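Subject: Handing over the two-chain structure

Dear colleague,

Here is the structure I promised to pass on to you, and below it you will find my notes on what was found. Please read them with the structure open beside you.

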Amino acid sequence: MKNKIYQSFDAAMADVADGSVFMSPGFGGVGIPRNLLAALHRQGARDLTGVSNNTGTLDEKVDVGTLIAAGQVKKMYAAFTAPTHPSQVTPFVQMYNNDEIDAELVPQGTMAERIRAAASGIGAFYTPASVGTELAEGKEHREINGRTYVLEYPIHADYALVRAWRADTFGNLQFRMAARNFNPIMAMAARITVAEVEEEIVPAGELDPDKIHVPGVYVDRLVQIPPDGIWD
Amino acid sequence: MVAEKERLEREVVAMRVAKELPDGGYVNLGIGIPTLVSNFIADESVVFYHSESGVLNCGPLAEEDEQDIDLINAGGQFLQPVDGMAFFNTVDAFAMIRGGHVDVTVLGAHQVSARGDLANWMLPERGVGNIGGAMDLAAGARQVIVAMEHTDRQNRPKIVEDCTYPITGKGCVSLIVTDLAVLQPTPEGLVLKEVAPGWSAAEVQELTDARLIIAPDLKEYEL
């Protein structure tokens with residue numbers, strides 16, 4: 001059997017080609033695969049499409065905004081594109097206003113469901129979210145049992161970069177508290193899923209099968225976060 | 001001048017909203033005044049707070065020296081661990097919302113229309129916006145309450161006949177609580193139900209773009 005454990009983040013990100021679609025989970029600063037994003041930044045792939053809750057923050061930490069600022073990303077799917085305060089201007093906002101990056105703004109729940117649809121072989125689905133708003137313009141609508149819904153399509157990805165709390169050698173993953181967020185569904189949706197792991201990767205059999213959040217079938221590569229890695 | 005008359009404090013607005021939350025209800029609070037609502041739940045009531053960050057039964061915020069890096073609410077604030085919490089992923093967080101399992105959401109707004117259209121995700125002059133979970137909440141929560149200041153920083157009315165900002169949801173708002181009044185959007189128009197102490201219906205109308213229908217039993221703000 002092919003060993004899922006990679007010795008470095010760089011090795012795990014080496015084959016990401018220009019033009020790839022990548023998913024990057026995280027919510028409010030937790031559950032972000034910062035080590036893998038740093039490696040993808042070093043690797044330098046360009047014309048990437050990113051799928052992430054937001055488009056980067058203004059803090060010094062590595063996030064999807066690091067790749068955006070480096071000009072590696074041509075398009076983002078996100079639920080948040082603006083910094084919290086109008087006085088703040090992220091690299092994304094600057095580039096967006098200069099037409100240097102494309103973005104599709106997606107309601108958070110719709111984004112999660114579109115990722116889940118990709119993960120589970122669903123061709124499309126109807127949701128009530130965004131009906132009547134400018135986001136629904138041009139989309140197929142349908143009335144079901146007296147309620148209007150809008151048709152939404154899956155978001156597929158080539159790579160999902162995820163941040164796990166615990167993992168075993170078969171790639172079974174566990175997450176901690178609110179750090180779970182988009183991690184499980186993104187892990188399930190991508191062609192190649194790479195997990196950076198906080199606690200020591202344990203031999204298969206040591207994690208309670210009743211407490212697995214992402215079964216190993218979805219996970220292709222594991223990298224242990226070293227002591228000098230990015231921890232917060 | 002009406003514009004300079006004293007208005008209610010944000011905490012009082014939150015206190016008034018708290019009265020609307022059902023005992024045992026599942027409630028999602030937005031950012032701003034809505035966040036304050038949890039401070040004013042009656043002692044004998046239990047309210048379960050839902051957060052899009054994947055946490056149910058959110059408790060008080062954590063003290064600075066007791067923060068757990070992985071335990072946050074939807075605003076990214078650190079929470080205290082409390083008994084009976086549950087954690088889940090983003091799909092589940094929104095299944096709870098869209099599936100009608102969240103009883104009430106309290107949101108802030110840029111504008112609300114007389115028929116309950118909500119605009120709270122984008123100011124067109126910024127060019128970029130933040131939807132977050134707002135469109136899912138507007139479409140899915142069983143009840144949407146807006147808690148906000150009655151006018152914006154330039155003292156322009158935020159309660160309008162029709163929203164001029166991009167909307168988040170159509171006809172979704174069932175109650176508006178502001179620092180001047182409590183109002184109910186209906187298919188017939190906006191009903192003024194309560195006014196802040198010292199304010200008359202005519203004065204509230206002066207700061208409201210939408211035409212008000214005065215409730216026959218108009219009351220002073222009830223806490």
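Is B:Gln80 buried, partly exposed or exposed? B:Gln80 counts as partly exposed, because its relative accessibility is 25%, where buried means under 20% relative accessible area, exposed means over 50%, and partly exposed lies in between (1.4 Å probe, protein chains only).

Before going further, please keep in mind that this is a predicted model, in which local features need pLDDT of at least 70 and side-chain atom pairs count only at pLDDT 80 or more, while totals for chains, interfaces and linings use all residues. Residues are numbered from 1 along each chain as its sequence is written, chains are lettered from A and ligands numbered from 1 in the order in which they are written, and side-chain values use heavy atoms, with hydrogens and water left out.

To return to B:Gln80, this residue sits in the loop that runs between β3 (55–56) and β4 (86–87) of chain B, where helices (H or I, at least four residues) and strands (E, at least two) are DSSP runs numbered from the N terminus. Not counting residues up to four places away in sequence, B:Gln80 touches B:Pro60, B:Leu61, B:Ala62, B:Leu71 and B:Met85, contact being defined as heavy atoms within 4.5 Å. The C-alpha atom of B:Gln80 is separated by 8.0 Å from that of B:Asp68, although the two residues are 12 residues apart along the chain.

B:Ser113, by comparison, lies in strand β6 (residues 111–113) of chain B and counts as buried, because its relative accessibility is 1%. Among the residues that B:Ser113 touches beyond four places in sequence are B:Val160, B:Glu161 and B:Cys163.

In chain A, A:Gln72 is found in the loop between α3 (64–69) and β4 (73–78), and with a relative accessible area of 2% this residue is buried. A polar atom of the A:Gln72 side chain lies 3.2 Å from the backbone oxygen of A:Leu40, and A:Gln72 is also in contact with residues including A:His41, A:Gly44 and A:Leu67.

Now to the place where the chains meet. The contact takes 43 residues from chain A and 35 residues from chain B, and the area buried between them is about 3200 Å², of which carbon and sulfur atoms give 62%; buried area here is the accessible area (1.4 Å probe) that two parts lose on being put together, summed over both. A:Phe27, A:Met177 and A:Ala178 supply 17% of the area that chain A buries against chain B, more than any other three residues. Three salt bridges are found across this interface, a salt bridge being a side-chain nitrogen of Lys or Arg within 4 Å of a carboxyl oxygen of Asp or Glu. The side chains of A:Arg176 and B:Asp70 meet in a salt bridge, at 2.8 Å from N to O.

Lastly, the cysteines. How many disulfides are there over all chains? The count comes to zero, with a disulfide taken as a pair of cysteine sulfur atoms within 2.5 Å. The sulfur of B:Cys172 has its closest cysteine sulfur in B:Cys163, 9.1 Å away, which is too far for a bond. B:Cys172 counts as buried because its relative accessibility is 14%, and B:Cys58 also counts as buried, at 10%.

Technical notes: A polar contact is a pair of N or O atoms within 3.5 Å; within protein, one must be able to donate a hydrogen and the other to accept it, and residues adjacent in sequence count only if both atoms are side-chain atoms.
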